Amino acid sequence: MKFGRKITASLYEEWQPFYIDYNLLKRELKARITSHSWDDKDEHEFTAMLKRELDKIHDFQKQKTSELSRRIGDAERDVKRLVAQQDSQSSSEPSPITPSDPESLYPRTSDYGPDEGSDDEDDLEGGGDSYDELEEIFHGLEVEVATLVADVHDLALYTKLNITGFLKILKVCVKQTNRPLKPTFIQGYLEERPFYKYNWDALIVKLSKLYNLVRTRGHPVVGDSSAGSNQSAFVRQTTKYWVHPDNLVPLKLAILRHLPVLVFNGEKEFEPKDAAITSIYFDNEDLDLYLGRLEKTEGAEAIRLRWYGDTDTKTIFVERKTHREDWTGEKSVKARFSIKEHLVNAFLRGEYIMDAELQALADDGKKGQSEVDSMIQLASEVQYRILNRKLAPVMRSFYNRTAFQLPGDARVRISLDTELTMVREDNWDGRVRSGDNWRRTDIGIDYPFDQVPDEDKELFKYGVLEVKLQTQFGQQPPQWVMDLVQSHLVEAVPKFSKFIHGCSTLLPHRTDLVPFWLPQMDTDILKPSTGYLTVERPLASSSRASLDQGRSGETTPSQTYAEPVSEGEEDEVMDLTPAKDEDRRTGLPHVDVAEAIAYREKSLKDRHDGGSDSPGTFSRGEEEEEEVDERTPLLEQHREEHVSDQRRAQRKLLSIDPLASSTAFDKTLEERLNGTQTGDNQTTRRPPEAEGINEEEIPEQERLLVRDWIAPSGKKIAVPVRIEPKVYFANERTFLKWLNFAVLISSIATTLLNFVPHDDSKGLISAGLFTLAALLSIAYSAIIFVYRAQRLRARSAEGLYYDKYGPTILCFVLFVALAVNVGLRFAEMAEQ
């Protein structure tokens with residue numbers, strides 16, 4: 001789709017005059033280029049047009065953000081006033097509705113306030129219906145909050161569309177005129193009005209607080225804001241996802257409908273540094289900790305030092321994450337203790353121990369003795385690991401975290417990390433970074449760290465979403481969480497690790513083994529909207545049902561045009577199947593009606609398979625336009641309205657039953673992909689990092705599991721191998737079975753040797769053959785046993801775990817021995 005049509009289709013109508021006039025700029029550029037040669041006057045005038053558009057957008061965004069902040073504050077004051085009035089009335093007279101009444105949990109369908117044009121405060125003074133009037137006002141506040149959510153969403157989309165429009169028109173201008181207008185305009189003017197760099201977190205935090213106040217009728221859930229930070233060890237079930245930058249604000253707005261933003265100090269005004277989290281990861285020059293975490297070996301550890309906020313923070317947390325295999329019956333655990341910043345270097349060198357400082361916590365009654373004992377043991381183990389394994393700072397991770405959680409309730413905790421950056425901290429290449437200190441001092445939280453060379457930092461282009469659930473009591477995850485993780489807003493990346501990703505990208509010459517997601521970084525994860533979890537602006541005449549749906553946080557897809565129906569028809573099944581008495585209704589002969597029905601069904605089927613060409617539909621050629629940073633989604637929507645029979649056949653080849661067995665699925669996938677690739681000789685070859693499937697041939701509705709990613713040159717993708725103790729026992733049992741069989745054969749050979757006469761050459765030959773079979777069996781089984789044991793200890797999935805040669809050779813040797821024995825005896829009988 002051309003960007004001009006895209007911005008027209010995506011803009012908010014009430015703000016239309018304040019969007020970039022992309023079509024006007026493009027027409028002006030085309031008119032100047034086609035009429036005469038581009039000169040300095042054209043460049044000056046066109047730059048002036050761009051500046052006017054930029055001023056308009058910058059001023060409008062600044063005005064709207066201030067307005068939104070003011071409206072949120074006004075609504076919050078209204079809620080507090082209403083709660084105070086409600087509390088004063090409930091203390092003076094009994095409430096007309098008891099909490100057990102289910103109607104008291106839902107708002108009344110009404111406009112904002114009890115009566116249009118009335119004074120709310122006068123209406124609330126006295127009267128038996130004061131509770132209902134308060135509910136109606138809360139209803140109006142809910143509509144206002146929903147409108148605020150939609151405004152924030154639309155303003156974020158407004159920012160995205162406008163900056164994209166500027167980049168596109170600048171690129172077209174540079175390409176057509178061969179003049180460096182783009183860098184000049186960006187550096188000289190766009191950077192002075194960086195509307196596209198606006199941080200939405202402050203508005204979202206305020207909006208979340210207001211949403212929680214209105215939802216709980218001014219009585220939000222109270223509890224420990226840290227929600228588990230006072231525990232030194234905690235176990236959670238965690239799943240991780242990537243979030244495209246275009247989906248960050250919609251995702252935050254979708255989550256805050258169910259969970260408020262977790263704020264540690266609600267009285268303090270939000271600052272950007274409040275969301276900053278920095279961690280220093282430790283490892284040695286052999287990257288033992290990296291390899292252990294990558295291969296998921298039992299007991300693999302990750303040691304890091306973490307602080308919250310700016311670098312002037314005095315409290316540093318020393319954390320250790322330990323991986324546990326499932327067969328151990330234990331869960332992976334994270335434990336930590338705090339230390340003062342000025343003591344960190346002494347602790348890492350072994351010159352300072354934490355026993356006395358931690359014991360003081362128990363003496364002061366701040367911690368229990370058992371908890372303090374575990375922290376002392378943790379500090380000793382971490383210090384011993386650092387000294388014994390010669391661990392040093394290797395990498396820093398920085399990100400801004402938005403956490404969603406009910407205070408004091410850790411059953412559902414969702415965190416979204418943005419602006420993720422990894423920075424090198426080691427001195428291994430001879431370049432001093434952290435030096436003898438535990439962290440480098442030339443950077444803070446000033447993203448994107450322009451003072452750091454590009455080879456020393458990795459700017460992660462996606463957000464990282466973590467969904468942490470506690471379902472150890474048999475609880476099922478909430479339905480809205482399931483809808484969230486299955487929506488188009490996120491892309492699942494199991495076991496993603498900032499530490500692993502940072503080491504594999506910043507230390508490419510030291511890491512031969514890389515994680516599975518690294519080759520997929522060049523493939524964009526932006527997916528077409530499914531229509532669910534979208535932010536919708538509330539209608540003026542909201543019904544009770546739609547408002548209840550808004551309270552639950554579930555939104556429906558944007559409504560498309562539907563044929564209007566008469567009263568009572570909405571409950572009927574409206575399909576396109578023919579009526580049973582159609583011949584009698586139309587008055588036509590039965591044969592003609594049957595032919596008409598067959599033709600209609602064929603037309604509907606063809607339309608469903610191939611699509612129809614409506615007058616308002618643009619062909620692919622008309623829609624194409626050069627993009628600034630064209631993305632290729634994993635599941636790109638097929639844009640062609642007219643598809644050839646060959647393309648349609650290829651689509652059918654790629655249609656695979658997801659409910660088939662794994663063996664059948666893999667076999668069918670391989671066969672059909674091979675058939676598709678051989679049948680389409682004109683397909684352009686994709687980069688080696690993304691070999692496999694041409695996403696443009698896959699319809700939007702089909703999901704394919706891409707399993708043939710190819711590692712970068714000289715690298716190998718790490719595949720975690722699960723090795724349990726029973727695997728070693730299985731190897732031993734197999735070896736013992738072979739020995740058992742060898743003992744049986746050797747018994748036959750020993751019997752023949754002991755009981756045949758010395759002059760019986762034929763018996764001695766048979767005994768020798770059976771002895772050879774027994775010795776071969778013992779030697780072969782011993783070699784295979786040792787080889788398999790070594791492969792298991794190396795956690796290698798490749799090995800002779802399926803032996804298709806040994807049993808066959810053994811059977812052949814036994815057959816030869818028996819055949820020779822029988823043949824010799826028959827020959828002896830024939831001679832006699």
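Trainee: Which residues of the largest nonpolar core touch the most other members?
Mentor: Keep in mind that this is a predicted model. Phe46, Leu50, Phe185, Leu251, Ile414 and Leu465 do, in a core of 80 residues. H5 gives the most to this core, with 18 residues.

Trainee: What makes a set of residues a nonpolar core?
Mentor: The members are buried, come from a nonpolar list that includes Leu, Ile and Phe, and are joined through side-chain atoms within 4.5 Å. Take Leu465: its contacts include Leu251 and Ile414. Leu465 also touches Thr239, Lys240, Tyr241, Val243, Ile255, Ser415, Leu416 and Val490. Nonpolar side chains tend to be buried together in soluble globular proteins.

Trainee: Why is Asn162 called buried?
Mentor: Its relative accessibility is 0%. The cut-off for buried is under 20%, so Asn162 counts as buried.

Trainee: Where is Asn162 found, and what does Asn162 touch?
Mentor: Asn162 is in helix H5, residues 130-177. Leaving out residues up to four places away in sequence, Asn162 touches Tyr19, Ile20, Ile57 and Phe195. Asn162 and Phe18 are 144 residues apart in sequence, yet 9.7 Å apart in space, C-alpha to C-alpha.

Trainee: Why is E3 described as largely enclosed by the rest of the structure?
Mentor: Count the residues: 8 of the 8 in E3 are buried, so the description holds. Ala276, Thr278, Ile280 and Phe282 point one way. Ile277, Ser279, Tyr281 and Asp283 point the other way. Both sets are buried.

Trainee: How do you know that E3 pairs with E7 and with E4?
Mentor: Pairing needs at least two bridges. E3 and E7 (residues 392-406) are joined by 8 bridges. E3 and E4 are joined by 5 bridges. Each count meets the cut-off, so both pairs qualify. E3 runs antiparallel to E7 and antiparallel to E4. Look at Thr278: Phe398 stands opposite in E7, and Trp307 stands opposite in E4.

Trainee: Which residues of H9 are buried, and what do they pack against?
Mentor: In H9, residues 288-295, Leu289, Tyr290, Gly292, Arg293 and Leu294 are buried. The buried residues of H9 pack against strands E3, E4, E5 and E12 and helix H14.

Trainee: What follows H9?
Mentor: Lys296 does, with a positive phi near 60°.

Conventions
Residues numbered from 1 in each chain as written. Predicted model: local features only at pLDDT ≥ 70, side-chain atom pairs only at ≥ 80, totals over all residues. Heavy atoms only, no water. Buried < 20%, exposed > 50% of the residue type's maximum accessible area, 1.4 Å probe, protein only. Helix = DSSP H or I, 4+ residues; strand = E, 2+ residues; numbered from the N terminus. Contact = heavy atoms within 4.5 Å.
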